[in-house]
Amino acid sequence: MARPAWILDGNYGRTLPLRLARCDTVIYLDYPRIVCLAGVVRRVIANHGRTRPDMAANCPERWDRGFLKYVWDFRREHRAEYLALLSRQEGKRVVILKSRRETRRFLEGLPA
């Protein structure tokens, strides 16, 4: 985040305040739980037993019941908190995308 331009992803609660303080734009993917869960299942099936390039070394993709539960429960347990936090981000661009189609359209509209 010390660089003039950067992109970080994830909802890591511990570092979220620091990231929000330093960013100019927040993109929140507010997808339905079934879409999120289906994405996780597809990712595990496609990469099972292998470490994805975006993961730490020696961290092979696997079935993780606890993570599946976290994904399923996220909207119910955390969504309101995140939306409230985003509503307090003055002077920042906050984009909330509710579907993969909205996300695709948003990305297509960005300058090259």
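## Basis and burial

A residue is called buried when its relative accessible area is under 20%, exposed when it is over 50%, and partly exposed in between (1.4 Å probe, protein chains only). By this rule, buried residues make up 21% of the 112 residues in the protein chain.

The model is predicted: local features need pLDDT of at least 70, side-chain atom pairs count only at pLDDT 80 or more, and totals for chains, interfaces and linings use all residues. Residues are numbered from 1 along each chain as its sequence is written, and side-chain values use heavy atoms, with hydrogens and water left out.

## Overall architecture

The protein chain has four helices and two strands. Helices (H or I, at least four residues) and strands (E, at least two) are DSSP runs, numbered from the N terminus. From that end on, the order of the elements is α-β-α-α-β-α. Taken along the principal axes, the C-alpha atoms fill a box of roughly 45 × 30 × 30 Å.

Phenylalanine 67 is located in helix H3 (residues 65–87). This phenylalanine is classed as partly exposed because its relative accessibility is 35%.

## Salt bridges

Side chains of opposite charge can pair when their charged atoms come close. Here a salt bridge is a side-chain nitrogen of Lys or Arg within 4 Å of a carboxyl oxygen of Asp or Glu. The count by this rule is 10 salt bridges. One of them joins lysine 98 to aspartate 30, with the closest N and O atoms 3.1 Å apart. This pair links distant parts of the chain, 68 residues apart: lysine 98 is in the loop between strand S2 (93–97) and H4, and aspartate 30 is in the loop between strand S1 (25–29) and helix H2 (33–47). Lysine 98 is partly exposed, at a relative accessible area of 42%, whereas aspartate 30 is buried, at 4% relative accessibility.

Another salt bridge connects arginine 52 and aspartate 54, whose closest N and O atoms are 2.8 Å apart. Arginine 52 counts as buried because its relative accessibility is 11%, while aspartate 54 is exposed, with a relative accessible area of 56%. Aspartate 64 also pairs with arginine 62 in a salt bridge, at 3.6 Å between the closest N and O atoms. Aspartate 64 is partly exposed, at 28% relative accessibility. Salt bridges that share partners join Asp30, Arg75, Arg79 and Lys98 into one network.

## Surface patches

Patches are made of residues with over 30% relative accessible area and no salt bridge; like charges are joined within 9 Å, and nonpolar side chains (Val, Leu, Ile, Met, Phe, Trp, Tyr) within 5 Å. Accessible areas come from the Shrake-Rupley method with a 1.4 Å probe, and for residues only the protein chains shown count as cover. Lys and Arg count as positive and Asp and Glu as negative, while His and the chain ends are not counted. The place of a charge is taken as NZ of Lys, CZ of Arg, CG of Asp or CD of Glu.

Arg42, Arg100, Arg101, Arg104 and Arg105 form a positive surface patch. The most is contributed by helix H4 (residues 100–108), which gives four residues. Arginine 104 lies in helix H4 and is partly exposed, at 48% relative accessibility. A nonpolar surface patch of about 240 Å² is made by Met1, Leu8 and Leu18. Methionine 1 belongs to the segment before helix H1 (16–22) and counts as partly exposed, at 32% relative accessibility.

## Cysteines

How many disulfides does the structure hold? The number is zero, a disulfide being a pair of cysteine sulfur atoms within 2.5 Å. The sulfur of cysteine 36 is too far for a bond because the closest cysteine sulfur, in cysteine 59, is 20 Å away. Cysteine 36 is partly exposed, with a relative accessible area of 28%. Cysteine 23, by contrast, is buried, at 12% relative accessibility.

## A backbone exception

Most residues other than glycine have a negative phi, and most peptide bonds are trans. Asparagine 58 has a positive phi of about 60 degrees although it is not a glycine. This asparagine lies in the loop between H2 and H3 and is exposed, with a relative accessible area of 76%.
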